[in-house]
Amino acid sequence: MKKVWIPLVVTLSIFFICTAFFQEYDLNKSIERGKEVYSANCMDCHMAEGTDPQNTYPPLAKSDYLKKSADTLINIILEGQTGEVIVNGQKYNDDMQPQNYLSDEQIADVLNYVRNSWGNKYPAITPPQVKALRK
Ligand code: HEC
(Lines give C-alpha, C1' and ligand atoms only; values in the text may rest on other atoms or scores of the structure.)
Protein backbone atom coordinates (compact mmCIF):
# COMPACT_ATOMS: atom_id res chain seq x y z
CA MET A 1 0.00 0.00 0.00
CA LYS A 2 2.91 2.34 0.75
CA LYS A 3 3.98 2.50 -2.88
CA VAL A 4 0.69 3.90 -4.05
CA TRP A 5 2.20 7.41 -4.40
CA ILE A 6 4.78 6.32 -6.97
CA PRO A 7 2.48 6.52 -10.02
CA LEU A 8 1.34 9.92 -8.81
CA VAL A 9 4.90 11.24 -8.57
CA VAL A 10 5.76 9.82 -11.97
CA THR A 11 2.67 11.36 -13.58
CA LEU A 12 3.37 14.74 -12.00
CA SER A 13 7.04 14.70 -13.08
CA ILE A 14 6.10 13.91 -16.66
CA PHE A 15 3.56 16.71 -16.58
CA PHE A 16 6.10 19.28 -15.36
CA ILE A 17 8.80 18.19 -17.80
CA CYS A 18 6.32 18.51 -20.67
CA THR A 19 5.11 21.98 -19.68
CA ALA A 20 8.71 23.19 -19.36
CA PHE A 21 9.53 21.76 -22.76
CA PHE A 22 6.55 23.18 -24.58
CA GLN A 23 6.66 26.54 -22.84
CA GLU A 24 6.25 29.27 -25.40
CA TYR A 25 9.32 31.30 -26.32
CA ASP A 26 9.12 34.56 -24.36
CA LEU A 27 9.32 37.17 -27.12
CA ASN A 28 9.10 40.15 -24.76
CA LYS A 29 12.07 39.00 -22.68
CA SER A 30 14.04 38.35 -25.87
CA ILE A 31 13.29 41.88 -27.15
CA GLU A 32 14.47 43.31 -23.81
CA ARG A 33 17.78 41.43 -24.01
CA GLY A 34 18.09 42.32 -27.68
CA LYS A 35 18.05 46.03 -26.95
CA GLU A 36 21.38 45.67 -25.15
CA VAL A 37 22.89 43.54 -27.90
CA TYR A 38 21.78 46.22 -30.37
CA SER A 39 23.31 49.11 -28.39
CA ALA A 40 26.63 47.30 -28.15
CA ASN A 41 26.89 45.89 -31.69
CA CYS A 42 24.63 47.61 -34.19
CA MET A 43 23.86 51.12 -33.03
CA ASP A 44 27.10 52.72 -34.26
CA CYS A 45 25.97 52.16 -37.82
CA HIS A 46 22.21 51.71 -37.67
CA MET A 47 21.56 54.52 -35.13
CA ALA A 48 19.58 54.32 -31.88
CA GLU A 49 16.28 54.47 -33.74
CA GLY A 50 17.23 52.33 -36.75
CA THR A 51 17.17 55.38 -39.02
CA ASP A 52 19.44 56.53 -41.82
CA PRO A 53 19.93 60.28 -41.37
CA GLN A 54 22.96 60.55 -43.67
CA ASN A 55 22.12 58.04 -46.39
CA THR A 56 24.98 55.78 -45.33
CA TYR A 57 23.70 52.68 -43.56
CA PRO A 58 20.32 51.28 -44.53
CA PRO A 59 17.47 51.92 -42.09
CA LEU A 60 15.98 49.20 -39.91
CA ALA A 61 12.97 51.21 -38.76
CA LYS A 62 10.10 50.24 -41.08
CA SER A 63 12.66 48.66 -43.43
CA ASP A 64 10.94 46.66 -46.17
CA TYR A 65 14.04 44.46 -46.16
CA LEU A 66 12.83 42.98 -42.87
CA LYS A 67 9.94 41.38 -44.76
CA LYS A 68 12.44 38.87 -46.08
CA SER A 69 12.48 35.48 -44.39
CA ALA A 70 13.84 34.97 -40.88
CA ASP A 71 16.60 32.80 -42.42
CA THR A 72 17.73 35.64 -44.71
CA LEU A 73 18.02 38.01 -41.76
CA ILE A 74 19.83 35.47 -39.57
CA ASN A 75 22.31 34.96 -42.41
CA ILE A 76 22.95 38.71 -42.66
CA ILE A 77 24.11 38.63 -39.03
CA LEU A 78 26.06 35.37 -39.37
CA GLU A 79 27.67 36.06 -42.73
CA GLY A 80 27.47 39.80 -43.17
CA GLN A 81 25.94 41.64 -46.10
CA THR A 82 27.78 42.94 -49.15
CA GLY A 83 26.76 44.06 -52.61
CA GLU A 84 23.78 46.14 -53.56
CA VAL A 85 20.64 46.12 -51.48
CA ILE A 86 17.54 48.22 -51.99
CA VAL A 87 15.86 49.27 -48.78
CA ASN A 88 12.65 51.30 -48.94
CA GLY A 89 13.40 52.19 -52.54
CA GLN A 90 16.90 53.45 -51.87
CA LYS A 91 20.06 51.73 -53.12
CA TYR A 92 22.89 50.89 -50.72
CA ASN A 93 26.16 49.23 -51.61
CA ASP A 94 28.48 48.89 -48.69
CA ASP A 95 29.78 46.14 -46.42
CA MET A 96 28.39 44.89 -43.18
CA GLN A 97 30.89 42.55 -41.51
CA PRO A 98 29.67 39.20 -40.14
CA GLN A 99 28.56 39.53 -36.52
CA ASN A 100 29.01 35.81 -35.91
CA TYR A 101 30.86 36.30 -32.63
CA LEU A 102 27.39 36.80 -31.14
CA SER A 103 25.80 33.70 -29.59
CA ASP A 104 22.71 32.03 -31.06
CA GLU A 105 20.65 33.61 -28.31
CA GLN A 106 22.14 37.08 -28.84
CA ILE A 107 21.40 36.91 -32.58
CA ALA A 108 17.82 35.78 -31.97
CA ASP A 109 17.42 38.53 -29.35
CA VAL A 110 18.85 41.34 -31.46
CA LEU A 111 16.72 40.36 -34.46
CA ASN A 112 13.63 40.16 -32.25
CA TYR A 113 14.46 43.64 -30.98
CA VAL A 114 14.96 45.05 -34.48
CA ARG A 115 11.89 43.27 -35.84
CA ASN A 116 9.71 44.60 -33.00
CA SER A 117 10.87 48.20 -32.56
CA TRP A 118 10.30 51.53 -34.30
CA GLY A 119 7.01 50.44 -35.86
CA ASN A 120 8.22 46.97 -36.91
CA LYS A 121 6.23 43.92 -35.86
CA TYR A 122 7.15 40.31 -36.68
CA PRO A 123 6.97 36.91 -34.96
CA ALA A 124 9.77 35.57 -32.77
CA ILE A 125 13.04 34.14 -34.04
CA THR A 126 14.44 31.50 -31.65
CA PRO A 127 18.05 30.42 -30.90
CA PRO A 128 17.61 26.97 -32.52
CA GLN A 129 16.75 28.72 -35.81
CA VAL A 130 20.09 30.52 -35.62
CA LYS A 131 21.97 27.38 -34.62
CA ALA A 132 20.57 25.55 -37.65
CA LEU A 133 22.13 28.10 -40.03
CA ARG A 134 25.49 28.55 -38.32
CA LYS A 135 28.25 26.83 -40.30
C1 HEC B 1 29.90 48.74 -39.47
C2 HEC B 1 28.51 49.11 -39.67
C3 HEC B 1 27.44 48.11 -39.37
C4 HEC B 1 27.21 47.39 -38.21
C5 HEC B 1 28.03 47.43 -36.92
C6 HEC B 1 26.00 46.63 -38.43
N7 HEC B 1 25.51 46.86 -39.69
FE8 HEC B 1 23.82 46.08 -40.50
N9 HEC B 1 24.27 46.88 -42.30
C10 HEC B 1 25.37 47.71 -42.54
C11 HEC B 1 25.45 47.96 -43.97
C12 HEC B 1 26.49 48.83 -44.65
C13 HEC B 1 24.38 47.25 -44.59
C14 HEC B 1 24.06 47.18 -46.09
C15 HEC B 1 25.11 46.30 -46.77
C16 HEC B 1 25.03 46.34 -48.29
O17 HEC B 1 24.97 47.43 -48.85
O18 HEC B 1 25.02 45.24 -48.89
C19 HEC B 1 23.64 46.60 -43.49
C20 HEC B 1 22.48 45.86 -43.65
C21 HEC B 1 21.71 45.35 -42.62
C22 HEC B 1 20.41 44.74 -42.77
C23 HEC B 1 19.61 44.54 -44.06
C24 HEC B 1 19.15 45.84 -44.67
C25 HEC B 1 18.12 46.60 -43.82
O26 HEC B 1 18.33 47.79 -43.63
O27 HEC B 1 17.10 46.03 -43.38
C28 HEC B 1 20.01 44.37 -41.52
C29 HEC B 1 18.71 43.69 -41.13
C30 HEC B 1 21.08 44.73 -40.60
N31 HEC B 1 22.09 45.34 -41.29
C32 HEC B 1 21.04 44.50 -39.23
C33 HEC B 1 22.14 44.69 -38.38
C34 HEC B 1 22.19 44.25 -36.99
C35 HEC B 1 21.05 43.58 -36.25
C36 HEC B 1 23.43 44.60 -36.52
C37 HEC B 1 24.01 44.29 -35.15
C38 HEC B 1 24.10 42.91 -34.76
C39 HEC B 1 24.14 45.26 -37.60
N40 HEC B 1 23.33 45.30 -38.70
C41 HEC B 1 25.43 45.80 -37.48
C42 HEC B 1 26.23 48.20 -41.60
C43 HEC B 1 26.36 47.73 -40.30
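The model is predicted: local features need pLDDT of at least 70, side-chain atom pairs count only at pLDDT 80 or more, and totals for chains, interfaces and linings use all residues. Residues are numbered from 1 along each chain, and side-chain values use heavy atoms, without hydrogens and water.

**The shell.** The ligand is surrounded by 24 residues, each with a heavy atom within 4 Å of it. C42, C45, H46, G83 and M96 are the closest. The shell has 15 nonpolar, seven polar and two charged residues; Gly counts as polar here, and Cys and Met as nonpolar. Helices α3 and α4 and strands β1 and β2 each supply at least two shell residues. Helices (H or I, at least four residues) and strands (E, at least two) are DSSP runs.

**Polar contacts.** Such a contact is a pair of N or O atoms within 3.5 Å.

| Residue | Protein atom | Distance |
|---|---|---|
| S63 | polar side-chain atom | 2.9 Å |
| G83 | polar backbone atom | 2.5 Å |
| D94 | backbone N or O atom | 2.9 Å |

**The iron atom.** Which protein atoms are donors of the iron atom? They are NE2 of H46 and SD of M96, 2.0 to 2.1 Å from the iron atom. Donors are N, O and S atoms within 2.8 Å of the metal (3.2 Å for Na, K and Ca). H46 lies in helix α3 and M96 in the loop between β2 and α5, so the pair ties together parts that are 50 residues apart in sequence.

Ideal octahedral angles are 90 or 180 degrees.

Conventions: Polar contact = N/O pair within 3.5 Å; in protein donor to acceptor, adjacent residues only side chain to side chain.
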